[in-house]
Amino acid sequence: MVAVKAAQAAAFLKDPPETLSAVLFYGNDPGMVSERSERLAKLMAAREDPAGEILRLDDNDLEANPDRLAVELDTRPMFSGRKIIRATAGRRIAAIDLKPLLETPHHEGFLIVEAGSLKPADALRTLFEGKAHAAAVACYADDAAAIDGLIAEVLSKFQMSIAHDARGELNARLGADRALSRAEIEKLALYAMGRSEISLDDVDAVVGDAAELTLERIPEAAASGDAVRAVSDLGRAISSGESAQAIIVITQRYFLKLHRVRGELDSGRPLDDVLRLMRPPLHFKQRGVLASQVRRWSRAGLDQALRRIAEAAKAARLSSQLEETLAERLVLALSAMAGGAMRSAGTAQGAARRR
């Protein structure tokens, strides 16, 4: 029985026991879950001679062939070491499906499962914790010391240092998601390229609040019409302790940003110029998503969305016991509006082509 606490995870990953054949990574930091899963997969593959083969599977891969995971675990490749399989927990990769596979440690493959936040009594977590040849590793948001270590690790690759006051401010803005934190530090280093030390002004100019950026994925999904992802990210955020009212506020800010950009576009300014001059600067991945959304949403549609958000925010303040329900209804409504906006944009483009 191996239950690895968050504080023990780094030591565990340096030298995982040879007896392991399956590991579960879970927690409220999806970036850390993915990063640690990838690190362990590479380590286990490197232990093989010849090197092992890393394979990724999710629910979609098992739709047509539900037995594929078991087959892959029991089949040793001809020209490489054993397979290291990274699987994402879901409808077909759940405790009931994995239990028969974990009954014996004698698989030809090594199984790594990635999951979100799990309660102590969750079937998936107890399954991995209850097997001598398996482990469940907790992945929760970095504390200040861990963030300092991440800052030092990333900046050392750029051969850069950071001023004391800038380090303190940067630390305060990171930590909600390991992958996002790493990306923000790398973005900061690229911004300050050519200088040996990063200043507080650099941090203020480039780095947003990582916790807020993580929650911004919810309205980003809703504004794209992706209701499934919006509701899933909302549920994950609330289960990890985030306030539904805070999420509604961040949703309001996101749609205000869309509204502002749409207004600049309607006034005749080129979209690329508007996005390039935004402060703080957009991450390159955010720029493409925001540009696509602004093209699809009209000013009138964003006006309506902001009215709906304001109504939800007021209702949540007056009835805090219903705030989670109100937040879910809001992202569903915004996703539906986004779908309508996309259909309208498609109709308009079709009419323009016919003319």
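Among contacts in the protein between residues at least 6 apart in sequence, 77% join residues at least 24 apart. Contact here means heavy atoms within 4.5 Å. This is a predicted model, in which local features need pLDDT of at least 70 and side-chain atom pairs count only at pLDDT 80 or more, while totals for chains, interfaces and linings use all residues. Residues are numbered from 1 along each chain as its sequence is written, and side-chain values use heavy atoms, with hydrogens and water left out.

## Overall build

The protein has 18 helices and eight strands. These are DSSP runs, numbered from the N terminus: helices are H or I of at least four residues, strands E of at least two. The C-alpha atoms fill a box of roughly 65 × 50 × 50 Å along the principal axes. Of the 355 residues, 46% are buried. Buried means under 20% relative accessible area, exposed over 50%, and partly exposed in between, with a 1.4 Å probe and protein chains only.

## Nonpolar cores

A nonpolar core is a set of buried Ala, Val, Leu, Ile, Met, Phe, Trp, Tyr and Cys residues joined through side-chain atoms within 4.5 Å. The largest one holds 39 residues. Phe255, Leu258, Val261, Leu290, Trp297 and Leu334 touch the most other members. Two or more residues each come from H12, H13, helix H14 (244-266), helix H15 (271-276), H16, helix H17 (299-318) and helix H18 (323-354). H14 gives the largest share, eight residues.

Val261 shows the packing at residue level. Leaving aside neighbours within four places in sequence, Val261 is in contact with Leu271, Val274, Leu275, Met278, Leu290 and Val294. Another core, of 25 residues, lies apart from the largest one. Its members include Leu73, Leu98, Val113 and Ala134.

Gln293 lies in helix H16 (residues 284-296). Gln293 is buried, with a relative accessible area of 1%. Not counting residues up to four places away in sequence, Gln293 touches Glu220, Ala223, Ser224, Tyr254 and Leu258.

## Aromatic pairs

Rings of Phe, Tyr and Trp (its six-membered ring) pair if their centres lie within 6.5 Å; planes under 30 degrees apart count as stacked, over 60 as edge-to-face and the rest as tilted. By this rule there are three aromatic pairs. Tyr26 and Tyr140 form an edge-to-face pair, 6.4 Å centre to centre with 85° between the planes. Tyr26 lies in strand E2 (residues 22-26) and Tyr140 in the loop between strand E6 (134-138) and helix H7 (144-157), so the pair ties together parts that are 114 residues apart in sequence. Tyr26 is buried at 3% relative accessible area, whereas Tyr140 is partly exposed at 31%.

The ring centres of Phe255 and Trp297 are 5.6 Å apart and their planes stand at 85°, so this pair is also edge-to-face. Phe255 lies in helix H14 and Trp297 in the loop between H16 and H17, so the pair ties together parts that are 42 residues apart in sequence. Both Phe255 and Trp297 are buried. Ring pairs link Tyr254, Phe255 and Trp297 into a cluster.

## Pocket and cavities

The search runs on a 1 Å grid over the protein atoms alone: a cavity is a set of points where a 1.4 Å probe fits but cannot get out, and a pocket is an open set with protein on both sides within 12 Å along at least five of seven lines. Lining residues have an atom within 4 Å of a point. Grid points are joined across faces, edges and corners, and a volume is the space filled by probe spheres set on the points.

The largest pocket is lined by 33 residues, of which Gly27, Pro30, Gly116, Asp233 and Arg236 lie nearest its centre. Helices H2 (30-47), H11 (210-215), H12 (217-223) and H13 (227-239) each supply at least two lining residues. H13 gives the largest share, four residues.

The whole structure has two cavities of 30 Å³ or more. Among the residues lining the largest cavity are Ser21, Leu73, Thr104, His107 and His133.

The table sets out volume and lining by class. Ala, Val, Leu, Ile, Met, Phe, Trp, Tyr, Cys and Pro count as nonpolar, Asp, Glu, Lys and Arg as charged, and the others, Gly among them, as polar.

| Space | Volume | Lining by class |
|---|---|---|
| Largest pocket | about 940 Å³ | 15 nonpolar, ten polar and eight charged residues |
| Largest cavity | about 50 Å³ | five nonpolar, five polar and no charged residues |
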